[in-house]
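Colleague: I have this one open in the viewer and would like to go through it with you. Could we start with how some of the helices pack?

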Amino acid sequence: MVVKFEAVGRLPHPEDNVAIATRRLEAGTVISLEDKQFTISDTILQGHRFAVREIAVGEPLLSWGQPFGIASADIYPGDYARNDDVLRELHHRQLDFSLPNSSNFTDEIPPFVFDESRFVPSPPLELYSDTKTFMGYRRAGTRGVGTRNTIVLLGTSALTGGFVRALEKRLQKYVNQYANIDGIVAIAHTEGGHDNPNNRDLLLRTLAGFMINPNVGAVLAVDRGGEAVDNAALLDYLTQHNYPIDDMPHHFMSLTHAFKEDLDTATEVVEGWLDTVNGMTRTEESISELKIGLQCGGSDAFSGISGNPLLAWVTKEIIRYGGSANLAETDELIGAEAYTLDKVKDLATARKFLMMQERFKQYAAWHGASADGNPSGGNKLRGLYNIYLKSLGASTKRHPDVRIDDVIEYSELMTTHGFYFMDSPGNDLESIAGQIAAGCNMLFFVTGNGSITNFPYVPTIKIITTTERYNLLSEEMDVNAGAYLDNTPMDVLGAETLQLTIDIASGELSAGERAGHSQVQIWRDWRQTHPVNLSDFAHPEFEGDPLQINTNIQVPDVRFPVFKTRHGTAADQVGLILPTSLCSGQIARMCAQKLSDRQIGYDKGISRYVTLVHTEGCGAQNGNELTDTLLGYLRHPLVKHALLLEHGCEKTHNGYYRELMDEQALDIQDFGWASVQIDGGIHKVTEKIARWFNDQLEADGESETIEVGLEAVRLGLVTEGALTDAIVHHMATLTRMIVAAGGSVVIAENDPLLLHPIFADEVLGGKAAKPTLDYAQVMTRSGFHVMFMTTRQWSEMLTGIGAAGVELILAHVSDHPMSGHPLLPVLQVTANPDISPAYETDLDALLGAPSADWMQQLLDLVVDTLARRYSPRLTTSGDTQFQITRGLLGVSL
């Protein structure tokens, strides 16, 4: 049987020599194109490419009329076009057909050469003489018009993220009581909490932009005071750069009292704004006030054929009505320079764009990375084999008739009408944060796989590229661009999407807003600022043998109950929903909360459900820190049952982890597996997860407890700030007791406690302490362990030490309590006599004057917590953080 090409393939450009399969093609399928016939060589997935003309070795493969690779073998019509990366990715997947043994093209293209002598400035689009309108919130001064009216609770640094999330939860009761308040939302992020970050200026600019975005009705900025980026620095930046912060209700607050007291104070501030913000009403405004952030994520081969061209059509109309748009993701235009610079306002603008591309390549190279690492597993699975194909499709977010009017830095304010390019990584969430800070009051987000991404106070219109995926994820998507592939004219689909844009700008809820899902991530800090010798950053593998320490000490005879498990003992039994990447993190949090609310399995031994939301797994280069951390928590003693939740299009998807777990002899049948995209969206995946946990718990027998002593203790030690000699002595004594009994203690190599001479003398006999564990490496032998650590950021230290398998962390804090850990109890004590009495209700022990009683107090706290007789005071507050370090060479892409 012969199949017509039009029924199974697409050529984005007439000069292309490879086509995109619009459906799966089986090996042996005969295709008719023009007056020729050819046979498909191998089974080809939807979105993957096959040759339609002969391509000799050394000749380029073309899509959208542009090269994306060089043939490494002679390629004939019908041959499956594939590179090494896509074959490697497909081997991660569970396929029902065989793959070719080798690739037939390499990821090479001729370098782009910009000929300034041939550059011709492009004229602006002719604007419409009339206008369309929407109902928006007109702000004072130069802030523009909002599409939403939101009270924002801004964590100025990473150290206050847990606080603003807890505050958001407390204040949700007010949202439905005030008709003109669209939300009270927390903005928590990972940055600014440690010394001298390289992204300091970028971070301040982003936070300033967040605050004055036209969708913000009022903003509370919260710090601890004294962080690398705090309220004083933020206020100074706002003032020095003339941000119109005085045109809106705002307040800067530092956490200086007990957690609940600070929550009460913050609540009072926000309550005082409610009537004022509710008094802000929608008025009829021109759509020239719309500033659209243009995004794509989880892209596929059809993003550049249906989704992005539809976005471009609507954007062109908005610009002709006087509006603005913001294109970003610098590394996702590498390879598409010819099209991107086809229409530019002037030569200076073109030069600035190329400068930013070169700067981004340099920044990546300093960390041993390149833009080649940008495409995710989902991109490759759905036909975007390399950065060049991804860029060619992404560049179509600019309509061929629209010129680039300006090129701006990440989060730099858009001050005039037109089409902007903004520097940013390809990481969707980090790029979006820059666009919001630049002033965008709406987002267009094109996805092929079905990315479920939304920002807390700016509505996102999600456009999916194919009807098949739209039907799978219809509850999460706003527009089916696949209708264009199904023969709906682009003008018709574009007009419908423009009207939907006006409706959502006027207050109609987007699909993401109806789902209640959103997340934030600012461009993360980078550690290198110049070329480095990458070999200098290599460190040896650690065998995991504990250090020999002084165990000549009497061991207290204490007994306490723990659970008996298949692998030994555990102080608690928790259900873990583990997001495989940043993209599924907030959905995992929603699922964990729903299962906890429903108390699934609480009568069968589960005490609670937790998730470990993080910022990694896609849009970044990571070392082993990410995978070691997640695999550590999957087999953590406290976890009774664990399920991995993928978004579906990330680099570190479920298939990726199945292979890693096979390599480490972990039985994948012991774990649950779910996919937001493949399982059909948030509601369906939540129900699947609930069923899986219920089935596991039904099959479990009764939980059994046994009595144990200090030999069962697995303790992490963390200290922050100054230490007295007395507290060092008592923590050293506790360490020796636990290890002498056969238990385990883990401490970071850069912890002040380990570096203190008294601890070194009493525990190590004055010997230097070398690491025994890598960051997040699981303990396999009990004893005293030192963890390799390149960070002093609080949550990153807790995260790494927790992954080793400790069941409790004992922390000494000098100045104020710190955030806890979502899975592990964190005891916080102090021996600082000058610490504020206001913190007494948050600390588990104020040790007072040095005495022999300290040792008993510390021991009792440890034992009572492991026995579940005591809960650390901040455990139930919601003030927790979980963050995986990127080490010295991690970088956003």
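Colleague: Which way does α8 cross α16, left-handed or right-handed?

Modeller: This is a predicted model, and in it α8 passes α16 in a right-handed crossing. The axes of α8, residues 303-320, and α16, residues 490-505, come within 9 Å and cross at roughly 65°.

Colleague: And which residues of α8 and α16 meet there?

Modeller: From α8 the contact takes in Ser 306, Pro 309, Leu 310, Trp 313, Val 314, Glu 317 and Ile 318, and these meet Met 490, Asp 491, Leu 493, Gly 494, Ala 495, Thr 497, Leu 498 and Thr 501 of α16. Sorted by class, the residues of the contact of α8 with α16 are 9 nonpolar, 4 polar and 2 charged.

Colleague: What is Ala 301 in contact with, leaving aside its neighbours in sequence?

Modeller: Once neighbours within four places in sequence are set aside, Ala 301 is in contact with Ile 20, Gly 47, Arg 49, Trp 64, Arg 382, Gly 383 and Leu 384.

Colleague: You mentioned Trp 64; what about its phi?

Modeller: Phi of Trp 64 is near 55°, which is a positive value in a residue other than glycine. Most residues other than glycine have a negative phi. Trp 64 sits in the loop between β7 (60-63) and β8 (66-71), and with a relative accessible area of 14% it is buried.

Colleague: Is Arg 868 buried or partly exposed, and what is its phi?

Modeller: Arg 868 also has a positive phi, of about 65°, although it is not a glycine. Arg 868 counts as partly exposed, at 38% relative accessibility, and its place is in the loop between α26 (853-866) and β39 (891-892).

Colleague: Back to helices, then: at what angle do α3 and α6 cross?

Modeller: The axes of α3 and α6 cross at roughly 55° and come within 10 Å, which makes α3 oblique to α6. The crossing in which α3 passes α6 is right-handed.

Colleague: What else do the buried residues of α3 pack against?

Modeller: Besides α6 (259-271), the buried residues of α3 pack against the strands β13 (150-155), β14 (183-187), β15 (216-223) and β16 (250-254). In α3, which spans residues 161-171, the buried positions are Gly 161, Gly 162, Phe 163, Val 164, Ala 166, Leu 167 and Leu 171.

Colleague: And α19 with α25, what is the hand of that crossing?

Modeller: The axes of α19 (residues 625-634) and α25 (residues 794-803) come within 8 Å and cross at roughly 55°, which makes α19 oblique to α25, and the crossing is left-handed. Thr 629, Gly 632 and Tyr 633 of α19 make the contact with Leu 798, Thr 799, Gly 802 and Ala 803 of α25. The contact of α19 with α25 holds 3 nonpolar and 4 polar residues, and no charged ones.

Colleague: Stepping back, how many helices and strands are there, and how compact is the protein?

Modeller: The protein has 26 helices and 39 strands. Its radius of gyration is 28 Å, close to the 29 Å that the globule rule gives for 893 residues, so the protein is as compact as a globular protein of that length. Buried residues make up 63% of the 893, and among contacts between residues at least 6 apart in sequence, 76% join residues at least 24 apart.

Note on methods
Residues are numbered from 1 along each chain as its sequence is written. This is a predicted model: local features need pLDDT of at least 70, side-chain atom pairs count only at pLDDT 80 or more; totals for chains, interfaces and linings use all residues. Side-chain values use heavy atoms; hydrogens and water are left out. Buried means under 20% relative accessible area, exposed over 50%, partly exposed in between (1.4 Å probe, protein chains only). Helices (H or I, at least four residues) and strands (E, at least two) are DSSP runs, numbered from the N terminus. Contact means heavy atoms within 4.5 Å. Axes are lines fitted to C-alpha atoms, for helices over the stretch in contact, and angles run from 0 to 180 degrees between N-to-C directions. A crossing is left-handed if the near helix is turned anticlockwise from the far one by less than a right angle, and right-handed if clockwise. Ala, Val, Leu, Ile, Met, Phe, Trp, Tyr, Cys and Pro count as nonpolar, Asp, Glu, Lys and Arg as charged, and the others, Gly among them, as polar. Angles under 35 degrees count as roughly parallel, over 145 as roughly antiparallel, 65 to 115 as roughly perpendicular and the rest as oblique. The radius of gyration is taken over C-alpha atoms; the globule rule is 2.2 Å times the number of residues to the power 0.38.
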